[in-house]
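Please look over the sequence and structure first.

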Amino acid sequence: MSQESVKQALLAKIQAVQENPAQARLVFRASTALVEDVKCTAQVRDFAPLTIDEPPDLGGSDTGVNPVELVLVALGTCQEIMYSAYAAVMGVKLDEVKIDVKGYLDVRGLLSMDESVPAGYEKIVYDTQIKSSADPESIQKVIAMAESHCPLLDMMQRPVEITGEVKLNGKRLETTAEAAA
């Protein structure tokens with residue numbers, strides 16, 4: 001898809017939402033299943049299943065990326081997509097966008113060794129490299145739009161409501177979080 005195709009697709013979506021605001025609401029889905037040990041599969045739309053696994057030092061067989069790595073991939077690629085989208089709409093040519101993302105995690109949290117240590121990332125750092133013949137002011141505008149409208153960056157920087165339920169043999173169980181509430 002060319003930059004012009006991206007621009008036309010996004011402008012068409014904007015127009016569709018303006019004409020029918022209900023089209024602004026999207027629901028994305030994924031289904032996952034534990035296969036064995038710590039290896040899982042994930043199914044999204046009609047794509048081939050993804051294998052998610054852990055490295056050997058975390059009990060896995062290293063047959064796929066692990067969930068916390070997927071979060072880094074999601075953040076980097078979401079930002080790259082936003083750069084592409086906003087650059088296309090703004091008429092700014094980008095020759096290349098690459099993002100390196102690092103997540104800092106203390107395993108004492110996920111291994112329940114220290115309750116004061118969070119189970120997830122304590123810090124995430126990204127480094128964006130852009131190649132473009134566009135002027136720096138235009139690139140600054142693209143950066144501002146991409147970073148302020150990236151869904152993954154937004155979700156990671158603010159609390160997001162997450163709810164769920166657990167069933168055992170088809171019967172709903174009360175979770176610890178519900179019991180504490």
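Which residues lie nearest the centre of the largest pocket?

## Basis

This is a predicted model, where local features need pLDDT of at least 70, side-chain atom pairs count only at pLDDT 80 or more, and totals for chains, interfaces and linings use all residues. Numbering starts from 1 along each chain as its sequence is written, and side-chain values use heavy atoms, without hydrogens or water.

## Largest pocket

Phe 28, Cys 78, Ile 81, Pro 151 and Leu 152 lie nearest the centre, among 44 lining residues. A pocket is an open set of points on a 1 Å grid where a 1.4 Å probe fits, with protein on both sides within 12 Å along at least five of seven lines; lining residues have an atom within 4 Å of a point. The volume is about 2,100 Å³, taken as the space filled by probe spheres set on the points.

Helix H2 (67-90) gives the most to the lining, with 13 residues. H1 (3-19), S2, S3 and H5 (151-157) each supply at least two. Helices are DSSP runs (H or I) of at least four residues, strands (E) of at least two. The lining has 34 nonpolar, 6 polar and 4 charged residues.

## Second largest pocket

This pocket has a volume of about 190 Å³. Its lining includes Val 38, Glu 54, Asn 66 and Tyr 121. By class, 9 are nonpolar, 1 polar and 1 charged.

## Sheet

An open sheet has the order S1-S2-S3, with antiparallel pairing. Strands pair if DSSP finds at least two bridges between them. S1 (31-36) and S3 (50-52) are the edge strands. S1 joins S2 (residues 39-43) through 5 bridges. Leu 34 stands opposite Cys 40 in S2.

Terms used:
Ala, Val, Leu, Ile, Met, Phe, Trp, Tyr, Cys and Pro count as nonpolar, Asp, Glu, Lys and Arg as charged, and the others, Gly among them, as polar.
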